[in-house]
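Please open the structure in your viewer and keep the selection tool at hand. The stops below can be taken in order.

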Amino acid sequence: MKQATAAAPGKIILFGEHAVVYGQPALAAPLGDLTAQAAVTESEAGSKLSIQADDLGLSLSLAEASSEGLSLAARLALDHCQCPEPDARIRVSSSIPVASGLGSGAATSAALIKALSAYLGCRLEPDQLSALVYEVEKLYHGTPSGIDNTVVCYEQPVFFIRGSEPVTFHIAQPFALVIGDTGIKTPTHVTVGAVRERWLKAPDELEEVFEEIGEITRQARQAIESGDVETLGPLMGKNQAHLQTLGVSSPELDTLIEAALSVGALGAKLSGGGGGGIMIALVTSGTSERVGQALDRAGAARVLRATISEG
Ligand code: PMV
């Protein structure tokens with residue numbers, strides 16, 4: 001039986017979220033331990049294409065639900081490969097928590113498009129895959145900067161500037177993060193929209209904040225490239241203070257951040273769209289356990305761990 005499989009990693013934004021929408025750089029990295037997978041298998045003649053995503057409680061044929069992200073992803077793959085709808089079944093699964101700022105949407109789209117194009121015998125380069133996933137991201141987020149699809153499709157740490165070719169950066173010394181999930185699902189377009197409203201009212205003030213975040217992001221890249229992990233902690237704190245000014249942190253995020261810092265995390269900040277979603281804490285092997293426990297006690301819905309490295 002004809003079949004093809006593919007996987008794509010989740011992602012974490014390290015620095016620069018929100019400012020990246022306004023042209024400043026952001027740093028993000030793939031999460032190798034959290035992945036989405038897709039498997040395409042041949043089905044009986046005349047059955048056409050169906051998509052099943054048990055984690056999302058989703059089962060549909062391509063003919064229905066054209067506004068749904070996964071079916072859009074499948075259509076984009078068919079168009080790109082210039083192939084008619086095959087008689088096949090796509091199964092999508094993922095270990096990435098949904099709507100938490102970990103790139104689950106982009107990763108499931110990327111895995112599906114990769115698997116389906118491989119099934120059709122059509123080769124996709126990372127930039128082509130990324131452009132297709134971006135189209136699906138627009139459905140979820142409205143005006144995404146493109147950082148999620150870029151990291152997930154290139155599967156490399158990325159210094160990302162909207163509209164420019166993605167640049168990968170060197171991680172001289174791997175570093176460990178503890179990720180705390182508030183359990184509050186805030187769609188990215190909500191906080192992005194709120195920042196836009198503030199920007200429309202006070203453009204000069206917000207531009208200044210975005211520029212400062214951009215400068216912090218550049219310094220963070222330098223620190224990561226030279227293996228100066230200790231410098232990252234204070235930079236995370238500065239970035240978080242600016243995110244608070246933008247109004248995208250929340251009491252729940254602030255509580256988790258304070259809890260991590262109070263037991264010795266080197267730095268902590270929200271990651272992704274904010275509002276709810278996740279925060280990250282920079283830890284050493286000596287503080288990782290303690291920080292995880294502190295996040296649990298402070299009410300985190302979930303605690304995850306990640307090592308950021310070149311892979
Ligand atoms: O919520 P996430 O992880 O998809 O990240 C959003 C990042 C923003 O900078 C807030 C928006 C964007 O499109 O870059």
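This tour goes through helix contacts, then aromatic rings, then charges over rings. Bear in mind that the model is predicted.

**Stop 1: α1 and α3**

Select helix α1, residues 69-81, together with helix α3, residues 126-141. Their axes come within 10 Å and cross at roughly 150°. The crossing of α1 and α3 is right-handed. To see the contact, show the side chains of L70, L72, A73, L76 and H80 among the residues of α1, and of Q128, L132, E135, V136, L139 and Y140 on α3. G69 of α1 also takes part. Sorted by class, this contact of α1 with α3 has 8 nonpolar, 3 polar and 1 charged residues.

**Stop 2: α3 and α4**

On α3 the contact is made by P126, D127, L129, S130, V133, Y134 and E137, and on α4 by D148, N149, T150, C153 and Y154. The contact of α3 with α4 divides into 6 nonpolar, 3 polar and 3 charged residues.

**Stop 3: the ring cluster**

Next, select Y22, W199 and F210, which ring pairs link into a cluster. The structure holds 2 aromatic pairs.

Look at Y22 and W199: the ring centres are 5.2 Å apart and the planes stand at 55°, so this pair is tilted. Y22 lies in the loop between β1 (3-15) and β2 (26-42), while W199 belongs to helix α5 (residues 188-201), so the pair ties together parts that are 177 residues apart in sequence.

Now turn to Y22 and F210. Their ring centres are 4.3 Å apart and the planes are at 15°, so the pair is stacked. F210 sits in helix α6 (residues 203-225), and the pair links distant parts of the chain, 188 residues apart.

Which of these residues are buried and which partly exposed? Y22 has 15% relative accessibility and counts as buried. F210 is buried too, with a relative accessible area of 0%. W199, at 21%, is partly exposed, because buried means under 20%.

**Stop 4: charges over rings**

Select K2 and Y119. K2 lies over the face of Y119, at 4.4 Å from the ring centre. Then select R221 and F159. The charged end of R221 sits over the ring of F159, 4.5 Å from its centre.

Key:
Residues numbered from 1 in each chain as written. Predicted model: local features only at pLDDT ≥ 70, side-chain atom pairs only at ≥ 80, totals over all residues. Heavy atoms only, no water. Axes fitted to C-alpha atoms, helices over the stretch in contact; angles between N-to-C directions. Helix = DSSP H or I, 4+ residues; strand = E, 2+ residues; numbered from the N terminus. Left-handed = near helix turned anticlockwise from the far one by under 90°. Contact = heavy atoms within 4.5 Å. Nonpolar A, V, L, I, M, F, W, Y, C, P; charged D, E, K, R; others polar. Phe/Tyr/Trp six-rings, centres within 6.5 Å; stacked < 30°, edge-to-face > 60°. Buried < 20%, exposed > 50% of the residue type's maximum accessible area, 1.4 Å probe, protein only. Lys NZ or Arg CZ within 6 Å of the ring centre and 35° of its normal.
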